[in-house]
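This briefing goes with the sequence and model shown below. Please read the points alongside the coordinates.

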Amino acid sequence: MSRYHQSNGEGFMSEWSKIRDKPREGWAFWGQHVCEDNGDGTSFTRNPELLARQLFRLMEETQLLSFKSVMGEKEQPTGDLHFVGTKEELIKAKRSFRTVEGRDILVVYHQETFYAVDSYCYHAGGALVNGDIEEINGKLCVICPKHKFKICLADGEGLYRGVNPREKPPVPRWYSKGIKQRTHTITETDGKVFVELSRQPGWIESDYYQGEKGKVERAKAEAADTGEYVTDDVF
Ligand code: FES
């Protein structure tokens, strides 16, 4: 039988800086209680470094880390309008990649409407500029070319198809994962199209792939796809 004890966070802050980049495999949480998972479920510890590692992982997984800790010292959006192209050229291109205030965004024109979303998929940084556009459950979505995740263009909601096993018989339906991809305000005036970056507070998963860590991961994934070898020190 498993034994647990409650973390008091002792030593957490002093260990914080030591643990951020160390491997954290093999640890798990159950509610507020911290366990060392040795496979037999019998051991536990009050070791401050272990607690710090476990707390860090929990914060990471529940997205409580601050925007800055992942994004670096990146400035917050200014609220300015940025010209991203003429209406004519954006309609012709249908999908256009733009960088606004250092953020990579995708501008989509579809069925007489413009959309602007973060350019890299929240799941693993796939390039949405190459994704197909489909209507799913009445919502216009971009399909990430990498693992086919569905992302609503209007609000960044993630959609997935699943079944409720309690239903007899279970019927596949579309379900929401919540807002996963940051979307931006796009407007058109006198044939010119402008984007204002989202200033919605809090963490949205696609923020990760706009930061330095996400950039490294994207490059590694791209290199792996092409069979190249990339080390961190090239960034
Ligand atoms: S990277 Fe987009 S679905 Fe995995």
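The model is predicted, with local features requiring a pLDDT of at least 70 and side-chain atom pairs a pLDDT of 80 or more, while totals for chains, interfaces and linings use all residues. Residue numbers start from 1 along each chain as its sequence is written. The secondary structure of the protein chain comes to 5 helices and 14 strands; helices (H or I, at least four residues) and strands (E, at least two) are DSSP runs, numbered from the N terminus.

**Confidence and overall figures**

- The protein chain has a mean pLDDT of 77, and 64% of its residues reach 70 or more; pLDDT is the predictor's confidence in each residue, from 0 to 100.
- Residues 1-46 have a pLDDT under 50, and the model gives this stretch 59 contacts beyond four places in sequence. Over residues 230-235 the pLDDT is also below 50, with 7 contacts in the model beyond near neighbours in sequence.
- Two residues are in contact if their C-beta atoms, placed from the backbone, lie within 7 Å.
- Where pLDDT is low, the predicted coordinates should not be read in detail.
- Of the 235 residues of the protein chain, 23% count as buried. A residue is buried if 20 or more other C-beta atoms lie within 10 Å of its own, exposed if 12 or fewer, and partly exposed in between, with C-beta atoms placed from the backbone.
- Among contacts between residues at least 6 apart in sequence, 52% join residues at least 24 apart.

**The six-stranded sheet**

- The order β4-β14-β13-β7-β6-β5 describes an open sheet of 6 strands with antiparallel pairing. Two strands count as paired if DSSP finds at least two bridges between them.
- The edges are β4 and β5, each with a single partner strand, so one side of each is left without a neighbour in the sheet.
- On average, neighbouring strands of this sheet are turned by 30° against each other, direction ignored. Axes are lines fitted to C-alpha atoms, for helices over the stretch in contact, and angles run from 0 to 180 degrees between N-to-C directions.

- Strand β6 (residues 103-110) is largely enclosed by the rest of the structure, because 6 of its 8 residues are buried.
- On one side, 6 bridges join β6 to the antiparallel strand β5 (residues 95-100). R95 has V108 of β6 as its bridge partner, and R98 has I105.
- The hairpin of β5 and β6 has 2 residues between the strands, and E101 in the turn takes a positive phi of about 50°.
- Strand β7 (residues 113-118) is also antiparallel to β6 and joined to it by 6 bridges; here V107 is the bridge partner of A116 in β7.
- In the hairpin of β6 and β7, again with 2 residues between the strands, Q111 has a positive phi near 50°.

**Strand β14**

- V193 and V195 form the covered face of β14 (residues 192-196), whereas K192, F194 and E196 form the uncovered one. In a regular strand the side chains alternate between the two faces of the sheet.
- With strand β13 (residues 183-189), β14 pairs in the antiparallel sense over 5 bridges; T185 is bridged to E196 of β14.
- The hairpin of β13 and β14 has 2 residues between the strands, and its turn residue D190 has a positive phi of about 50°.

**Y120 in its loop**

- Y120 lies in the loop between β7 and β8 (132-136) and is buried, with 26 other C-beta atoms within 10 Å.
- Leaving aside neighbours within four places in sequence, the contacts of Y120 include D104, S206, Y209 and R218.
- D104 and Y120 are 16 residues apart in sequence, with a C-alpha to C-alpha distance of 7.8 Å.

**Backbone features in other loops**

- K94, in the loop between α4 (87-93) and β5, has a positive phi near 70° and is not a glycine. K94 is exposed, with 11 other C-beta atoms within 10 Å.
- K148, in the loop between β9 (139-143) and β10 (150-152), likewise has a positive phi of about 70° without being a glycine. K148 counts as exposed, with 11 C-beta neighbours inside 10 Å.
- A cis peptide bond joins K168 and P169, with omega about -5°; P169 lies in the loop between β11 (157-162) and β12 (173-179).
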